[in-house]
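Dear colleague,

I am handing over the structure below, and after it I set out what was found in it. Please read the notes with the coordinates open beside them.

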Amino acid sequence: MDTINIVVLGAGVSGHTAAMFCKRYLGERVNVTVISPEAQYNWIPSNIWVGVNRMEAKDVLLTLAPVYDKQNISFIQAKATELYPEGKNGSIRGVVAYEDTGNNEGRKSEIEYDFLVNATGPKLNFQATPGLGPDGFSLSVCTASHATEAANHLAKVIDEMKQGHIRTLAVGMGHGTCTCEGAAFEYVFNVDTELRRAGVRDKAELIYITNEAELGDFGVDGIQLDVSGFITPSKLMADSLFDEKKIKTILGAHVERVEEGKVFYTDLEGKKSSIDFDFAMLLPPFKGHRLTTYNKSGEEITDKVFTPNDFMRVDADYTVKPYEDWKAKDWPRHYQNPLYKNVFAVGIAFAPPHQISKPRMNPDGVLIAPAPPRTGMPSAVMGKVVAENIAQQIKTGILGNKTASMSDLGAACIASMGTGFKMGSAVSITMCPIVPNYEKYPETGRDTKNTFGEIGMAGHWVKKILHYMFIYKAKAKPFWWIIPE
Ligand SMILES: Cc1cc2nc3c(=O)[nH]c(=O)nc-3n(C[C@H](O)[C@H](O)[C@H](O)COP(=O)(O)OP(=O)(O)OC[C@H]3O[C@@H](n4cnc5c(N)ncnc54)[C@H](O)[C@@H]3O)c2cc1C
C-alpha cells in the first residue's frame with residue numbers, strides 16, 4: 001500500500017501545529033506535506049510590537065524550510081487554488097491543485113491526499129472598504145511588512161509632533177464586520193505608550209474607532225470577569241482604560257471609505273461622520289481562501305464546501321436563526337467537512353455558524369457586527385486535535401473523538417498596552433468558554449471561576465515570554481511539543 005499522504009494547506013498557527021503533530025504522532029507511516037505561499041512563518045501577535053518600532057520584522061518571522069526538513073515534512077511554497085475531493089483523472093485520492101509562489105512562480109501542479117487539513121487563515125479583505133489598507137490610504141499590522149510600514153509612518157508623525165505640530169491618529173476597525181478587535185485594542189494602547197515615551201502625547205489626538213457596540217465586547221459579546229474577587233464587565237474595565245489614557249472612542253462604527261487623510265463612517269444610529277487623520281491603522285475584515293472545488297464528474301461544487309464568505313464548512317450547525325436562539329452546540333467539535341470526511345478546516349479557515357456578539361443593523365440596513373475571533377490559542381488547539389483524530393484513524397481505522405469546540409474551550413488573551421522594561425503593561429484575560437454557553441452557565445454564559453482579568457506589568461512580561469516560547473516551539477526545538485498551545 002502507498003504511504004498515507006496528509007496535506008496541510010497553510011503554515012500559520014493552526015496549520016504549522018497540525019503538520020508538526022501529524023508527523024510526531026505518525027512518523028514514517030505518513031508523508032506530511034505543507035503547502036503555503038510564504039517562505040516564512042509569522043508569529044502574528046507580535047506584529048503589534050513591530051508596528052510601534054519595538055521589534056523588527058525579523059523578530060517575528062522564521063524560515064520554514066529548515067524546520068520542515070528537520071521534521072521530515074515536505075514543504076511546497078505555493079498557494080492552493082483548486083480542490084478535487086473525489087479525485088481527478090482516475091485517482092481515487094483527493095487532489096489539491098496549487099500554484100508555485102517561490103522559485104518557480106506561477107507554475108501549476110497537483111498533489112494527492114488521503115487527509116487534507118485546510119488551515120489557510122484569513123484573506124485580508126481590504127477591498128470591502130474603498131480606500132482601505134496599504135494600497136489605499138490607511139495602514140495595517142496584519143503582516144510583518146504591513147507592521148513595518150505602520151511603524152515608519154508612526155515614527156514620522158512622532159517627529160512632526162516633536163516639532164510642535166498637532167496630529168490626529170486613528171486606530172481601529174476598517175469595516176462594520178471586522179474581527180480581531182483585541183489586536184486593534186492592543187495597537188491603540190501601544191501607540192499611546194509610544195507617544196508618551198516620546199513626550200508628545202499632548203500633541204496627539206488619539207481616536208479608537210470600532211464596530212463594537214460597546215468597549216470590551218471584543219467580538220465575544222463582552223465578558224463578565226472576576227477581577228480581584230469582583231465580577232466586573234469587560235466594558236467597565238475597557239471604559240476606564242480608554243478614559244484614563246484619554247483616547248477618544250467611536251463605537252458601533254462601519255467605515256464606508258477612506259480617502260487621503262480622511263475616514264468616512266456611519267454608525268448604529270445611521271449618523272454619517274468623518275475623521276481627518278494624519279495616521280490611520282485600520283484592520284480589514286476577513287474572508288476565507290476559497291478553493292474552487294469539483295466533484296468527480298467535473299461539476300463545480302464550491303458552494304457546497306465553502307460558505308459565501310469563503311470559509312470552509314465543517315461540523316457546525318449553519319441553520320440561520322436569531323441571536324436569542326443561538327446555542328453552544330451550533331459550534332463545531334471536530335472541524336470535519338460534512339461531505340468529505342477526510343477533509344478538515346482549522347483556525348480562521350473554518351466557517352463559524354454565526355457571530356458570538358449580538359449582530360446589529362443600523363436604520364439604513366448596514367450590518368455592524370463584530371465577526372467571531374479565532375485567536376491563536378484555540379486555532380492551535382484545533383490544529384492539534386485534528387492531528388490527534390487523524391492519527392487515531394490511521395492507527396485504528398476509527399477517527400479519534402477529541403473535540404475542540406469554542407463553546408467548551410477556554411482562551412487566555414494577553415492584550416499588550418505598551419512594551420518596554422518600565423512602561424510595559426497588559427490586560428490579561430482568561431475566559432472559559434470562548435463562546436458563551438448559557439445552558440451550562442445560565443448567569444453569564446461563562447464559568448466565572450475560570451474567567452478573570454488583570455491589568456499590569458506582569459501580563460506584559462508573560463506576553464514577552466510567550467513570544468519567545470512560541471517562536472521556540474515553531475522552530476521545533478527540543479521538546480517543542482511540551483509547550484502548550
Ligand atoms: C495584528 C494581529 C494581532 C493578533 N494578536 C493576537 C494575540 O495577541 N493573541 C492571539 O491569540 N491571537 C492574536 N491574533 C490572531 C492570530 O494571529 C490568529 O488566531 C492566528 O494567526 C490564526 O491562525 P491560522 O492558522 O488560522 O491563520 P494564519 O496564522 O494567518 O495562517 C494562515 C496560513 O495560510 C497560508 N495561506 C493563505 N492562503 C493560502 C492558500 N491559498 N494555500 C495555502 N496556504 C495559504 C498563509 O500564508 C499562512 O501561512 C492576532 C491577529 C492579528 C491580525
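**What was found**

Phe479 is found in the segment after helix H10 (457-474), where helices and strands are DSSP runs numbered from the N terminus, with helices being H or I of at least four residues and strands E of at least two. This is a predicted model, in which local features need pLDDT of at least 70 and side-chain atom pairs count only at pLDDT 80 or more, while totals for chains, interfaces and linings use all residues. Residues are numbered from 1 along each chain as its sequence is written.

Phe479 has a phi near 60 degrees, a positive value in a residue other than glycine. Phe479 is exposed, because 9 other C-beta atoms lie within 10 Å; a residue is called buried with 20 or more other C-beta atoms within 10 Å of its own, exposed with 12 or fewer, and partly exposed in between, the C-beta atoms being placed from the backbone. For context, most residues other than glycine have a negative phi, and most peptide bonds are trans.

Two further backbone features deserve a look. Asp310, in the loop between H8 and S21, has a positive phi near 75 degrees although it is a residue other than glycine, and with 19 C-beta neighbours inside 10 Å Asp310 counts as partly exposed. The peptide bond from Cys432 to Pro433 is cis, with omega near -5 degrees, and Pro433 is placed in the loop between strand S25 (425-431) and strand S26 (452-456).

Asn309 lies in the loop between helix H8 (302-305) and strand S21 (343-345). Asn309 is partly exposed, since 16 other C-beta atoms are within 10 Å, and leaving aside residues up to four places away in sequence it touches Lys287 and Gly288, contact meaning C-beta atoms, placed from the backbone, within 7 Å. Between Asn309 and Tyr265 there are 44 residues of separation in sequence and 23 Å in space, C-alpha to C-alpha.

**The chain as a whole**

The protein chain has 10 helices and 26 strands. Its radius of gyration is 22 Å, close to the 23 Å that the globule rule gives for 485 residues, so the chain is as compact as a globular protein of that length; the radius is taken over C-alpha atoms, and the rule is 2.2 Å times the number of residues to the power 0.38. The C-alpha trace spans about 70 × 50 × 45 Å along its principal axes, and 51% of the 485 residues count as buried. Of the contacts in the chain with a separation of 6 or more, 67% come from residues 24 or more positions apart.

The ligand is surrounded by 35 residues, of which the closest are Gly10, Gly12, Gly121, Gly347 and Gly376, a residue belonging to the shell if its C-beta atom, placed from the backbone, lies within 6 Å. Helix H1 (13-26), strand S2 (30-36), helix H2 (47-50), strand S5 (74-84) and helix H9 (376-396) each contribute at least two residues to this shell. By class the shell has 19 nonpolar, 13 polar and 3 charged residues, where Ala, Val, Leu, Ile, Met, Phe, Trp, Tyr, Cys and Pro count as nonpolar, Asp, Glu, Lys and Arg as charged, and the others, Gly among them, as polar.

In H1, 11 of the 14 residues are buried, so the helix is largely enclosed by the rest of the structure. At 1.5 Å a residue, its 14 residues should span 20 Å, which agrees with the 20 Å between its end C-alpha atoms; the expected span is 1.5 Å times one less than the number of residues. Just after H1, Gly27 takes a positive phi of about 50 degrees.

Ala18, one of the buried residues of H1, is also among the residues that touch the most other members of the largest nonpolar core, which has 135 residues; such a core is a set of buried Ala, Val, Leu, Ile, Met, Phe, Trp, Tyr and Cys residues joined through C-beta atoms within 7 Å. Not counting residues up to four places away in sequence, Ala18 touches Val8, Val117, Ala119, Val346, Gly383, Val386 and Ala387.

With regards

Definitions and conventions
Contact = placed C-beta atoms within 7 Å.
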